[in-house]
Every structure is written in C-alpha cells, then in structure tokens.
Amino acid sequence: MENHPTTVSYHLEASKFPWNIAPGKTVEAWGFNGQLPGPVLKAKKGDTLVVRIKNTLPEPTIVHWHGIRLPAAMDGTGDVQKPIGPGETFEYRFVVPDAGTFWYHSHANETVQMERGMYGALIVEDAGDPVFDQERVLMFDDMKLTADHQFTVPGGRLDRWGESHFGREGDTFLINGSETPVLGMAAGQMERWRLINASSARYIRLSIGGKPFRMIGTDGGLLETPRTMTDYLLAPGERIDAAVGPFAAGETLSIESLPYKGNHGKIRAGEHYGTVSVGPRQISRAFLPEQLRTIEPLAAQDAPATRKLKISLGLSLQNGADFQFNRTRHGLDQPVRVGELQIWEVNNSTLMHHPFHLHGFFFQVLEVDGKMPEYRAWKDTFNIAPSSKIKIAWMPDSRPGMWMYHCHVLEHHTAGMMANFEVVDPEQPAGQANHRHVNHCH
Ligand code: C2O
Ligand code: CU
C-alpha cells in the first residue's frame, strides 16, 4: 500500500464570529472559517499542504503547525515570519512527512487568540493505518467566561498574577467547541479517537466512563503496540490516539477528567466534558493489529546529555515571578548542527507541571527521573511533573533556521518560559539565520 503524493489546498479565514457553545450560550469567538474549532484539515502522508490564511481579525496573527516536521520558514512563529496583519493573506506550503494527529493554532497573542478559539486539527493519514469503524477528532478546551458568556479579562494585579502563574483555566468545558456534547456511537464497534488538548493550561486526566481503552498513538504517530489503560493525563498541546469500544447497546459513558493534583496544588475534582451514548449494535469491520509499527531507538538510556535545560521561576519585582528556561526569559540557546544527535536533559526545578514542547522535531524520551519509560514513542510535547527531570533524544535533520522550545501552558510561554535556537547546516545556509524578529509580549 502506497500513497501517491498530491497537493491539498485549503483556504482559512481568521475572523471574529458569534459561536454557540450550548443552547442560549453564545460567545464571541475568534477562529477559522467561522467555526470552532477550525475545519479539520486532512492530507495523506507525503502530500504537499497549501494553506492560504486570510486575516480579517483586528490584530495580527500567525499560524503554527504543531508537530509537523516542516521547513523553519513555514513553522509559523514570530521568529521566522512577519505576522499576518489585518487584511493580509499568507500562504503556508509544506510537505507533511508523517502520519498522525497534529493541530494548527495561533502563535501570536496566544493567550487571547487561542483562548477564543484559534485552533483546529490537522490529520495526516497513511494507507497502512489500522482500520476502524469510525474515526473522530476530539479537541478539548476550557473557557473562562462571565455569567453572561463574555471572556473574562483578568482585572486586578492579583488576578493577572494568578493567571500568569497558574495559567488560565476556565470552568466551561468543551469538546469540539460545544459544551458537554453527547456523542452517539454504535454498540459492538471500535472507533479511532484522535484526542487533542487545545486548552491554555488545563490538564485532562482523560477517562471514558472508566472503561479500558487502547492508546495506539502519540504526538508523532502510532506506537509500536497498543497499550490498554483506563486514564491518561493529557497535557496542554499533547495528543493521543485511542481505540475506543466496543461498548454495549444502552450504555452511557462520561468523557471526563478524573481528579488530579494540578498547578494550583489542590486536588481537582472530576470534570465532565461530554457523554458517549451507545445505540443499537452494528457490524464491525475494525481490526487492530498487535504490531502497529517499529520505532527504532535514537539513543541508549545512558547516553550522556549533550545539553542541560533548566525550567525555573525567578523572583521579579515587576511580574511576581519570571518564567524561565536556563534562568532567562525568552532566551536564545546555543545552535545545534544538522546530523548531531541531541541528548537533552530538561530539569523542572519548579513545583508546577510544565508541558515541554519542541517545535519541528520529534523526540524520544529516554528517561524520566532516571527511569526508562515503559514504551517508546515519538513526542513533541511531554509533561514534566513538578521537581522532575527528563532526558530526551532528537536528531536535527537538514531544516536549518530558527526554532524554539517552550512550555505549552500559554501563559508560561508568554511570560518567558521559552527559548529559540538555530539549527545550522554547514552545507545549506539558512539565509535568515542571523535575523531574528523579536515580537514577544514582554
Ligand atoms: Cu503548539 Cu509553539 O506551540
Ligand atoms: Cu509551564
């Protein structure tokens, strides 16, 4: 089975529009093509994706293609392109080299633009994907709204401090832009669910009525073999694919987040996101093989670190706390060279969770607090628990230019928990290497 690469084109318009999250509950969303989430973009592995974005918002935006191994110039950050101003159009064009569950989202004024809905899924299929009865994309989000459905704006200093410290967590829980929806599913069938956490700061300890499901994929595509579990802690920015079902006719299951200890330090109660309602039985043609693919290890567990990163909070008179990598806000890290295996130790010295995200490259986790993970996977976003340390391996292929890593809690990212670094290829100069647009919100 082979894919024959073609070019797939989409037009997206970023705008403001009223969006119904529940009967009688309309918010002023910002998003793509008047829908929240934006349309699901689909392509086959190896295709060229062309997405023209027209911005009719009153402020500039940029669109980032989270998880796609694309050229630096197409990554959609303020470091590699000029923001798309109001009334302007920009065309992104890149090959999608990997099958999996990805997403696109604003990478400008994120704490506002993403909170209001500037995101959508990007699904890359492969001819060899396992066969399911049905496939769905579930994008999770939470919105922080007032009683009359307006987005709250942090008022006082303490409020602002709280939001930047813990991240913005709402109390309105959404799946695909709708509050606690009911998903109908046929009994006896097995579905592929592509689960994406699009929220600013909320962790979702995902459970589907406490029933076992099989995780079949992570950020970077399929696992080697399905893993059975009853819950998974999905961090902001992270994705998993799950084989869900079969269930029995008449069952009602709650899609929820189980209690966990979040960044506020207190145990969060369970949170209800939606319901699965199982209807009459239907024939199944799903088949989930035990071997999904092979993932070659990039490095041995004891490979010595080539770089050490430290996540920390610094004291700041102005901000209360500074969110940092390597004791710097919005830093510029050392370059890496194409073809030189990177072994990075990322040490979270804070008492909070931080989802570490690397742009444009997948990594393998070699160690979490000195222990090898139970399974190998390709990741681009990995949650680092409080006072915990991970070691990852990744290989810079020849895509020179400016890249970045950051915490995917949007408020932490904005407050400085990020750094840029350049990938240099002596054979292929980047052109824009020495030139860094700085337009972060300091
Ligand atoms: Cu989804 Cu820079 O992130
Ligand atoms: Cu963080």
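Modeller: The general idea is that side chains of opposite charge can pair when their charged atoms come close. In this predicted model, D98 forms a salt bridge with R69, and their closest N and O atoms are 2.7 Å apart.

Biologist: Where in the chain do D98 and R69 lie?

Modeller: They come from distant parts of the chain, 29 residues apart. D98 sits in the loop between strand 6 (89–95) and strand 7 (100–106), while R69 sits in the loop between strand 5 (63–66) and strand 6.

Biologist: Is D98 buried or exposed, and what is the relative accessible area of R69?

Modeller: Buried means under 20% relative accessible area. D98 has a value of 15% and is therefore buried. R69, with a relative accessible area of 28%, is partly exposed.

Biologist: How many salt bridges does a search of the whole structure find?

Modeller: The search finds 30 salt bridges. One of them joins R168 and E163, with the closest N and O atoms 3.3 Å apart; R168 and E163 are both buried. Another is formed by the side chains of R194 and D241, at 3.4 Å from N to O. R194 lies in strand 13 (residues 191–197) and D241 in strand 18 (residues 239–244), so this pair ties together parts that are 47 residues apart in sequence. R194 and D241 are both buried as well.

Biologist: Which residues are linked with R194 and D241 in a network of salt bridges?

Modeller: The network also includes D129, E135 and R192.

Biologist: Let us turn to strands. How should I read the two faces of a strand?

Modeller: In a regular strand the side chains alternate between the two faces of the sheet. Strand 10 (residues 172–175) illustrates how burial may be read face by face: T172 and L174 are on one side, F173 and I175 are on the other, and all four are buried.

Biologist: Which strands pair with strand 10?

Modeller: Strand 9 (residues 134–143) pairs with strand 10 in the antiparallel sense over four bridges, and F140 stands opposite I175 there. Strand 11 (residues 178–179) also pairs with strand 10 in the antiparallel sense, over two bridges, with I175 opposite S178.

Biologist: What is found between strand 10 and strand 11 in their hairpin?

Modeller: The hairpin has two residues between the strands, and N176 takes a positive phi near 50°.

Biologist: How is the order of strands in a sheet to be read?

Modeller: The order lists the strands as they lie side by side. One open sheet of five strands runs 24-23-27-31-29, with mixed pairing. Strand 24 (320–325) and strand 29 are at its edges; each has a single partner strand, so one side of each is left without a neighbour in the sheet. On average, neighbouring strands of this sheet are turned by 20° against each other, direction ignored.

Biologist: In which sense do strand 23 and strand 27 pair, parallel or antiparallel?

Modeller: Strand 23 (residues 307–316) and strand 27 (residues 342–348) pair in the parallel sense, over five bridges. Within this pairing, K310 stands opposite N347 of strand 27.

Biologist: What is the strand order of the other open sheet of five strands with mixed pairing?

Modeller: The order is 12-22-19-14-17. Strand 12 (182–187) and strand 17 are the edge strands, each pairing on one side only. Neighbouring strands here are turned by 30° against each other on average, direction ignored. Inside this sheet, strand 19 (residues 252–257) and strand 22 (residues 271–281) pair in the antiparallel sense over six bridges, and T252 has S277 in strand 22 as its bridge partner.

Methods
Residues are numbered from 1 along each chain as its sequence is written. Chains are lettered from A and ligands numbered from 1 in the order in which they are written. This is a predicted model: local features need pLDDT of at least 70, side-chain atom pairs count only at pLDDT 80 or more; totals for chains, interfaces and linings use all residues. Side-chain values use heavy atoms; hydrogens and water are left out. A salt bridge is a side-chain nitrogen of Lys or Arg within 4 Å of a carboxyl oxygen of Asp or Glu. Buried means under 20% relative accessible area, exposed over 50%, partly exposed in between (1.4 Å probe, protein chains only). Two strands pair if DSSP finds at least two bridges between them. Axes are lines fitted to C-alpha atoms, for helices over the stretch in contact, and angles run from 0 to 180 degrees between N-to-C directions.
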